[in-house]
Each structure stands twice: as structure tokens, then as C-alpha cells.
Amino acid sequence: MHLKSIIRSIFSTSIMAILLSACATEVEPTGTVSPPTVQTMPGSSASTSTTQPLTVQQAQNMLPAPPVSCVRDVYFPNFPQQYQRQLQEIACHLQINDGLPAHYVISALQNARFNARAVTLMTPPPPSQQPSAPYPWWRYRDRFLHPDRINRGLQFWNAHSTLLEQVSQKYGVPGSILMGILNIETGFGSFMGNFSVLNSNLSLSLALPGRRRFFLHETAETLKLAQKLGASPATLMGSEAGAMGMSQFLASSYLRYGIVWNDPPGGPLPNLWQSPADVLASTANFFLGHGWQPGQPVMARVAGSSGVDATAFLHGKHPLGQLLAAGIQPEEPSSLPADTPVGLLRLQTAEGPTLFIAYPNFYAIMGYNPSVYYSATVWAYSRAIQRALDG
């Protein structure tokens, strides 16, 4: 092709790309649309009135990418009018950025519903002029160490002891730790949530601007999960936060860490609602993906902590050897190297402020839930259930 013809083709194609750019733009987390950017050749200047002749290769490199289109100009009957434009942008985002078919996206979103209750439950309370007294850890912990919770754990162990031992041996995560997760999350499957996961994620992505990116991602993952499960998106049920099954996995975690027990890779997806084997294997696999170290402890109470000056160690992580050199000794010594990074926690127990050393496995549990109280309670329950099993 002659060089002038190439340049003429570039000019006309670029104009067409600009005209079609309304549907080719990625949806930003804030709900705004990114403006197109102007790129120049290296060394060029906007004030230069003349240009150097282009080689054929340079002209080919400047050819714009084929325009991408999406279906977006539709109405979503089960959502307030104030969210219609955002929903159109989300529909386009799901098609272009996540590669989901237009007919699947539009059908799913038009059948979804805005869930105001999920939004209310997930909206942080307004700041108070009179800050309330801190909720002590021991009160949080004791909610999950109630005798009824211990009895449920014993029943689960009796029903699945062989499975728990097999999963623990394969993944290196103690069965009692896995039970601590199931206890806190759903009471061993007794309350897994009755919210539509798609409705929750979609509603939260619309109504909580600060977390829009997160819940938009989970909306896409929910649709992908439903596709792979061969289920209607509306049938996936869970919590108001979009978590599913006995272990309350988000859709992204379900797709990334879900394991079908003893099945080879590439097989069907796990059933995290009804299969304890899949649930335990998937939860253990999640821990491994977040840094769990088989055979290492989770945390330990500091011996004689009331007389220790620990101020310098209460923030961040420090080499274990530094804590030991400062007289911060665990009641149960470990064989971990001196350079192991650990945290020092001051938690309120029934006896008063108490120091604990948090080992790397403590932070692996925090990958499941970023609350210090949560991880400490998983550990406390694992010890309580082990004591009950030992008689």
C-alpha cells in the first residue's frame, strides 16, 4: 500500500475510534469515566507545524486497536432511578473488562434487585462525639466459646474426625484451627445466610462509593462462579457481605482457593454449602495461600506479662530474638528461629491486659479476616475444643 494511503487510513480509523469510545472506556471505581489520553511520537512537539516523514513500520505501529463495544443502554427495573447510569457503566465494565457475554450480564443484572438491608448492615455507623468504651477481647471470644459452641464442635469432630485428620495431614493445618473458622463463620453450617450474593455485591458496589472497586470485582467473580457452577446467579445465597457456604468464602476466594477433596485439578468446582470435605480442604488451601507454616504455633501468652515493659514492641513486627532478649518470654517456648518476624499483642482478658506473641500463622488467619480479635478467637477455640476432646 502507498504511504499516503496508509496515513489516510490511519486518520479515518482514528476518527471512528473516537466516535465509538463511549463504550470502550473502563469504568472507574468512583463511577466516573476516564477521559481519552493523547499520545505523541517520541520527540514530537505540539507546537511543531511540520512533521518528519513516517516509515511504513512507524505507520503500522500507530494503527489504533480495534474498537470494543458493549451493550449498556438498557433499564434495570429492580433498582432505584439514581443508580441507572452507574448500572449501565457496570454492565459495560463486566462485558469489556471481565469478558462476560452481553446477554448473560444484562439478564443477570435485570433480574437482580437492590438490597437496602444489605447496604444498611454494611454501612459503618457515623462517628460519635462520645467514643464508647473499647469492647474487650474476652467478651468477643466468649461468644464463640460458649458451651453450645463447644458441643457443636464435638459433634462435628465425631462426625468427621477421619476427614479432619486427613485434611490436616495433607495441608498441615490442624483440624482444630479449621473448626475454629467454621465455628465463628456459620456455627458449623447452621446459619450460612439468606441474602442473594449477586444482589448484595451489586447493591454494595452502588451504595458504598468507598468500597466500589472491591464489590464490583466481587460482582464479576460471582457471575463467573455461577457460570462455572452451571447455576443461575440468583441462586447463590450467602451473607449480606457476599460470603458463601459453611466457610463463608467470597466469590473470588471460591474461584481461587476452592478445592474438591481428593479430585484432580480441572474437575468440578467444590460444593462449599454441602460438602464438609470440600469446605475443610478449601479452607486449609486458603491458609496455605496466605502464608500458613505447617507445624508452627499461632500465638502464645507471655509469661509474667504484667511486669514486662513491652511498649516498644506493641506496633509492627519484630524479630522473635529481640522480644526474648527484652525478657518477653512465651509460656510455651517455640523452636522458631530468632529472626522470625512476630507481633506483640495486648489483649483484654478476664484477668486484665495480657500480652501475647503473634507468630506468622496468626497473620495467616488474619488473611481470612483482618481482625486481631478474630484470629485470636480462632486460636482460643482450637485450644478449647482440643481440651474438650482430650477430656
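At roughly what angle do the axes of α8 and helix α15 cross, and within what distance do they come? The points below begin with this pair; the model under discussion is a predicted one.

1. The axes of α8 and helix α15 (residues 372-390) cross at roughly 120° and come within 8 Å. The crossing in which α8 passes α15 is right-handed.

2. On the α8 side, the residues that meet α15 are Ser176, Ile177, Met179, Gly180, Ile181, Asn183, Ile184 and Glu185. Their counterparts in α15 are Tyr374, Thr377, Val378, Trp379, Tyr381, Ser382, Ile385 and Gln386. Sorted by class, this contact of α8 with α15 comprises nine nonpolar, six polar and one charged residues.

3. Helix α3 (residues 84-96) and helix α9 (residues 197-207) have axes that come within 11 Å and cross at roughly 120°. Because of that angle, α3 is classed as oblique to α9. Here too the handedness can be stated: α3 passes α9 in a right-handed crossing.

4. The contact between these helices is made by Gln86, Leu87 and Ile90 on α3, together with Leu202, Ser205 and Leu206 on α9. Four of the residues in the contact of α3 with α9 are nonpolar and two are polar, with no charged residue.

5. The loop between α7 (147-171) and α8 (175-186) contains Val173. Is Val173 buried or exposed? Its relative accessibility is 0%, and Val173 therefore counts as buried, the cut-off being under 20%.

6. The surroundings of Val173 may be listed as follows. Leaving aside residues up to four places away in sequence, Val173 touches Ser168, Leu178, Ala284, Phe287 and Trp292.

7. Turning to the protein as a whole, the secondary structure consists of 15 helices and six strands. Of the 391 residues in the protein, 42% are buried. Among contacts between residues at least 6 apart in sequence, 71% join residues at least 24 apart.

8. The final point concerns the surface. The protein has an accessible surface of about 20,800 Å², and carbon and sulfur atoms account for 54% of that area.

Methods:
Residues numbered from 1 in each chain as written. Predicted model: local features only at pLDDT ≥ 70, side-chain atom pairs only at ≥ 80, totals over all residues. Heavy atoms only, no water. Helix = DSSP H or I, 4+ residues; strand = E, 2+ residues; numbered from the N terminus. Buried < 20%, exposed > 50% of the residue type's maximum accessible area, 1.4 Å probe, protein only. Contact = heavy atoms within 4.5 Å. Areas by Shrake-Rupley, 256 points an atom, 1.4 Å probe, with all protein chains shown as cover. Axes fitted to C-alpha atoms, helices over the stretch in contact; angles between N-to-C directions. Parallel < 35°, antiparallel > 145°, perpendicular 65-115°, else oblique. Left-handed = near helix turned anticlockwise from the far one by under 90°. Nonpolar A, V, L, I, M, F, W, Y, C, P; charged D, E, K, R; others polar.
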